[in-house]
Amino acid sequence: MPGTPASPAASGPSASFASGPGTTRRQALVGGAVTLGTAALGTTLGAPSALAATPAPRGPVISEPFTLGVASGDPRHDGVVLWTRLAPDPLAEDGLGGMPDRTVEVEWQVSHREDFATLAASGTTETGPDQAHSVHVELEQLRPRADYFYRFRVGNEISPVGRTRTAPVPGTRLDRFAFAFASCQRYTQGHYTAQAHLAEEDLDLVAFLGDYIYETADQGSIGRGHFPAVEVRSLTEYRLRHAQYKTDHDLQAAHAAFPWAVVFDDHELENNWADDTSYEEDVPPEEFLLRREHALKAYYEHMPLRAAQRPAGPDLHLYRRLTFGNLVDMHLLDTRQYRDVQVEDSKRDDPERTLLGADQRRWLSQSLADSNATWNVLAQQVFFSQRDFAEGDATNFSDDAWDNYKVERDSVRDEIAGVSNPVVITGDVHANYVVDVKADFDDAYSETVATELVGTSFTSGRDGVEQNPGDAVQLAENPHIKFINRNRGYVRNTVTPTEWTADYRVVDYVSEPGAPIRDRARFVIGSGQPGARPQA
């Protein structure tokens, strides 16, 4: 339920969208995620609490409900989505977080100031057990290109403080936009060290490209086994798995530092699923759709998504566009809900095969046609460019990537070649790539029409290595692939009207906490010059 702003903020927008106060993102959390549940009224903040001035709602006391942190997402020029979920006992067996079986009133506040001495907006909303006591507040009437702090209260309990940032007005001049993209954070295979470093960046947005949770029973070998210790299928189990991931303090800090734009891939439900078809054998579609309904409901409950993304049964409308001034249009895609089932390579040329589905494909065409931005970003999940794994005359392509939907991929490629500065950003494959998108992937001398930047995983695949033995074959067989690296981390991007700089930020290990972050590589794309150039 959206709230009503109390009054416009007194201070104006920041001079640059990517600039902000000198405090680090962790400092902006007023003690950070490690103080979860200790925020008694008037003690968390450095100044008297504005929330303390109002009486606490009546009803039984709910202690320490903010164990899963806070988040914001999908920024627009006039507002963002604020999120939290009340869960005093986040791993309670029933999946309801230890909350009472009743509706609860939640207060929220937004301010330009960390001490909340003046408010830009405030209000109340209600949440209940049918939503796992999750909270989604869609703010409106905020100032564009502005930083805000936000928090929630239930009774005498105040949440950690999050920081968010609104977008510029569409079409207005923007000189700089900074964002990171990331994916694949298997809890059992690594500590969230990269997320901790991400929280220290100065960014306008994080785009998370899928595999936020993993559905498996995997227990790993580093003391971070999945809970429950089963492959999750029911709504209760998916809620528990999301809650387990959300209890990680470093992930909470990264969410609280800036707004995220999220899309799912396969492991939020099941490995390699397609539309109404399980990747497992002999699962009736009606049985799989019930599992899909459970997974997508739990996903929405745990993400800073708008009401437009609220699932209806097994369906969730995820594809959408975010606009940042006249500089960037980000077209977020869904490559799971509408795709045809994977087939062998000999059938990948079938012109009827689709990864996007007819409605999303039409939407993408219209979204691209409507764009007036300098840079057009396709934010999506699976490898877009052709990638042949076989040496010599033989071929071998992934059946879960765009290669398995060749005709539609080539059609999208040809379409994005006609818009301003197309860049495809990709997750899924647990490796960093830089790729020239060719007018003809089988002709190395054909025109480069776009750039694909592929980001490695946060943790999936364990510690990682520089390269696998098979990467030499990939580079030889696919001359449009310019770079491969298999460390863990994320890609930080700084976009201006004249160039796009991509920094591949990596950690050398995740099996233990504390790894330092380093820049493994830097690539630059010039405006009007598709294809990325390595920088020293």
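Guide: Asn272 counts as buried, with a relative accessibility of 12%. In this predicted model, Asn272 is placed in the loop between β11 and α4. Its backbone has a positive phi, near 60°, in a residue other than glycine. The cut-off for burial is a relative accessible area under 20%, so the 12% of Asn272 falls within the buried class.

Strand β11 covers residues 260–262 and is one of the elements against which the buried residues of α3 pack. Helix α3 itself runs over residues 249–257 and is mostly covered, with 7 of its 9 residues buried. Those buried residues are Leu251, Gln252, Ala253, Ala254, His255, Ala256 and Ala257. Besides β11, their packing partners are β1 (70–76), β6 (147–154), β8 (162–165), α1 (193–198) and α2.

Two packed helices are described by the angle between their axes and the distance between the axes. For helix α2 (residues 235–246) and helix α4 (residues 285–301), the axes come within 8 Å and cross at roughly 35°. The crossing of these two helices is right-handed. Helix α2 contributes Leu235, Tyr238, Arg239 and His242 to the contact, while α4 contributes Arg291, His294, Ala295, Lys297, Ala298, Tyr299 and Glu301. By class, the contact of α2 with α4 comprises 5 nonpolar, 2 polar and 4 charged residues. An α-helix has 3.6 residues a turn, so residues three or four places apart point the same way.

The loop that lies between β10 (205–208) and α2 contains Pro228. The peptide bond from Phe227 to Pro228 is cis, with omega near -10°.

Arg145 has a positive phi, near 50°, and is a residue other than glycine. Arg145 is found in the loop between β5 (134–138) and β6, and β6 is one of the packing partners of the buried residues of α3. Arg145 is buried, with a relative accessible area of 19%.

His77 is placed in the loop between β1 and β2 and counts as partly exposed, at 31% relative accessibility. The C-alpha atoms of His77 and Ala167 are separated by 4.3 Å, although the two residues are 90 apart along the chain. Not counting residues up to four places away in sequence, His77 touches Leu142, Arg143, Pro144, Thr166, Ala167, Pro168, Val169 and Pro170.

Met99 counts as buried, at 10% relative accessibility. Leaving aside its neighbours within four places in sequence, Met99 is in contact with Ile62, Leu86, Ala87, Pro88, Val104 and His133. Met99 and Pro129 are 30 residues apart in sequence, and their C-alpha atoms are 7.8 Å apart in space.

Helix α5 (residues 358–370) and helix α6 (residues 406–416) pack at an angle of about 15°, with their axes 11 Å apart. The two helices are therefore roughly parallel to each other, and their crossing is right-handed. Arg361, Leu364, Ser365 and Leu368 of α5 meet Glu408, Ser411, Val412, Glu415 and Ile416 of α6. This contact has 4 nonpolar, 2 polar and 3 charged residues. In α6, the buried residues are Lys406, Glu408, Arg409, Asp410, Val412, Arg413 and Ile416. They pack against α5 and against the strands β14 (375–379), β15 (422–426), β16 (432–438) and β17 (448–454).

The setting of these parts is the whole protein, whose secondary structure comes to 7 helices and 22 strands. Of its 536 residues, 59% count as buried. Among contacts with a separation of 6 or more, 71% are between residues 24 or more positions apart. The protein exposes about 19,000 Å², and carbon and sulfur atoms supply 49% of that area.

How values were computed:
Residues are numbered from 1 along each chain as its sequence is written. This is a predicted model: local features need pLDDT of at least 70, side-chain atom pairs count only at pLDDT 80 or more; totals for chains, interfaces and linings use all residues. Side-chain values use heavy atoms; hydrogens and water are left out. Helices (H or I, at least four residues) and strands (E, at least two) are DSSP runs, numbered from the N terminus. Buried means under 20% relative accessible area, exposed over 50%, partly exposed in between (1.4 Å probe, protein chains only). Contact means heavy atoms within 4.5 Å. Accessible areas come from the Shrake-Rupley method with a 1.4 Å probe; for residues, only the protein chains shown count as cover. Axes are lines fitted to C-alpha atoms, for helices over the stretch in contact, and angles run from 0 to 180 degrees between N-to-C directions. Angles under 35 degrees count as roughly parallel, over 145 as roughly antiparallel, 65 to 115 as roughly perpendicular and the rest as oblique. A crossing is left-handed if the near helix is turned anticlockwise from the far one by less than a right angle, and right-handed if clockwise. Ala, Val, Leu, Ile, Met, Phe, Trp, Tyr, Cys and Pro count as nonpolar, Asp, Glu, Lys and Arg as charged, and the others, Gly among them, as polar.
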